[in-house]
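Please look over the model below before reading the numbered points. They are meant for someone who has not seen it before.

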Amino acid sequence: MRKKLYWLIGLALALFNITACDKDLENDNDIQENFETLWSIIDQRYCFFPYKQDSIMDWDKVYTLYLVKSLQCKTTEELFYVFGDMLNELKDGHVNLISKFDVSRYDLQGNRPDNFVSNTIKSDNYLGKDYRKAGGLLYKILPQDSIGYIYYSSFSNSISEAYINNVLQHMKKCKGLIIDVRDNGGGMVTNVDLLASHFNDSKRLVGYYQRKTGPAHDALSKPQEIYLSAGSGVTFTDKPIAVLTNRNVFSAANQFVEVMKALPNVTIIGDKTGGGTGMPTSDELPCGWMIRYSSAIYLDKDMNCTEWGIEPDIEVSLDMQKACLENIDTIIEAAREDILKKAKD
């Protein structure tokens, strides 16, 4: 299982701070009660049904199929995995069933390549051993062409105005900036605006959101505007910026890419992001298991749902032979080339 899916598992456990004990399911009535509760929570509160009606199984058909499978279970653990399979019909990385012995999860990345080798960016060609660190931000000015490089591995890692100000002050004279969020599985949504605002020079529409308003599948609010404020402190708004992405960019990191793509001096380079944009919330089943699910939807500035990921402006794949044998990251190199071209224009 992909490492970023395990990150999602850890996030789920942290969010819910599980203290309830799993309870034995002794008979068919116990099984059916928990099944009905789980199915109904999703049926009435899950937000993406209108957007996924052509790509997932009809939820009423899910009921018929998985009730039979559930009633055939002989053990509590067997039932847990049947419930997990049922939830995976939603194809949503923010939908998890959480017990004291496991967490169900859906593999958003599938068989797509990683397009990232951590040892390559840590080589002397890029961060090397003399990089700087400000909270969760690793950064360095690449000496070959005076382009700034920032790697942010998780939006759960601490950043602050002071950290960002110091990073950008150090890079003020750079020709451009690379922000690498590949393999970033998400984290704190508050860190998205905090970081992105330093690359924005005016109040700007960057997207929309919708929330559930009732039990019907299509009971959603009208899209509500999301604005990004102009940055305070040290900003970087008048030079080209490249944001590097791959299929392991999820959740808050996916939202960061969405916001940055709305800025005029930003180019998204690499592979399509992993998606997973529904704002998660949670409920508890009678047996003590927690169910986590998407309850609000994020759309980009053109009102496209970003649940399935965001396409790059420039699609580039990582040359694994160069990465592993020569410590050359072809996605970083494409970003450098793009920045240098724009810096000359």
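The points below go from the source of the model to its sheet, helices, cores and single loop residues.

1. This is a predicted model, in which local features need pLDDT of at least 70 and side-chain atom pairs count only at pLDDT 80 or more, while totals for chains, interfaces and linings use all residues. Residues are numbered from 1 along each chain as its sequence is written, and side-chain values use heavy atoms, with hydrogens and water left out.

2. Helices (H or I, at least four residues) and strands (E, at least two) are DSSP runs, numbered from the N terminus. Seven strands form an open sheet with mixed pairing, in the order S2-S3-S4-S5-S8-S9-S12. Its edge strands, each pairing on one side only, are S2 and S12 (314-315). Strands count as paired if DSSP finds at least two bridges between them.

3. At one end of that order, S2 runs antiparallel to S3 (residues 137-142), with three bridges. Lysine 133 has leucine 138 in S3 as its bridge partner.

4. Two helices lie across strands of the sheet. Helix H7 (residues 161-170) lies across S2, S3, S4 (147-152) and S5 (177-180), at about 10 degrees to S3. Helix H11 (residues 330-344) lies across S3, S4, S5, S8 (241-245), S9 (266-270) and S12, at about 155 degrees to S9. Axes are lines fitted to C-alpha atoms, for helices over the stretch in contact (heavy atoms within 4.5 Å); angles run from 0 to 180 degrees between N-to-C directions.

5. The largest nonpolar core has 40 residues, and Leu177, Ile179, Phe199, Ile241, Val243, Phe256 and Met260 touch the most other members. Helix H9 (residues 251-261) gives the most to this core, six residues. Another core lies apart from it, with 35 residues that include Phe35, Phe48, Cys73 and Phe80. A nonpolar core is a set of buried Ala, Val, Leu, Ile, Met, Phe, Trp, Tyr and Cys residues joined through side-chain atoms within 4.5 Å.

6. Which residues are buried in H4? They are Trp59, Val62, Tyr66, Leu67 and Ser70; buried means under 20% relative accessible area, exposed over 50%, and partly exposed in between (1.4 Å probe, protein chains only). Helix H4 (residues 59-71) spans 18 Å from first to last C-alpha, close to the 18 Å expected at 1.5 Å a residue, where the expected span is 1.5 Å times one less than the number of residues. At its start, a side-chain oxygen of aspartate 58 comes within 3.0 Å of the backbone nitrogen of aspartate 60.

7. Helix H5 (residues 76-88) has 13 residues and reaches 19 Å, close to the 18 Å expected. Its buried residues are Leu79, Phe80, Val82, Phe83, Gly84, Met86 and Leu87.

8. Most residues other than glycine have a negative phi. Aspartate 183, in the loop between S5 and helix H8 (190-196), has a positive phi near 65 degrees and is buried at 3% relative accessible area. Asparagine 327, between helix H10 (320-326) and H11, has a positive phi of about 55 degrees and is partly exposed at 29%.

9. Serine 154, between S4 and H7, is buried at 7%, and a polar atom of its side chain lies 3.0 Å from the backbone nitrogen of serine 156. Lysine 129, between helix H6 (118-121) and S2 (132-134), is exposed, with a relative accessible area of 81%.

Notes:
A polar contact is a pair of N or O atoms within 3.5 Å; within protein, one must be able to donate a hydrogen and the other to accept it, and residues adjacent in sequence count only if both atoms are side-chain atoms.
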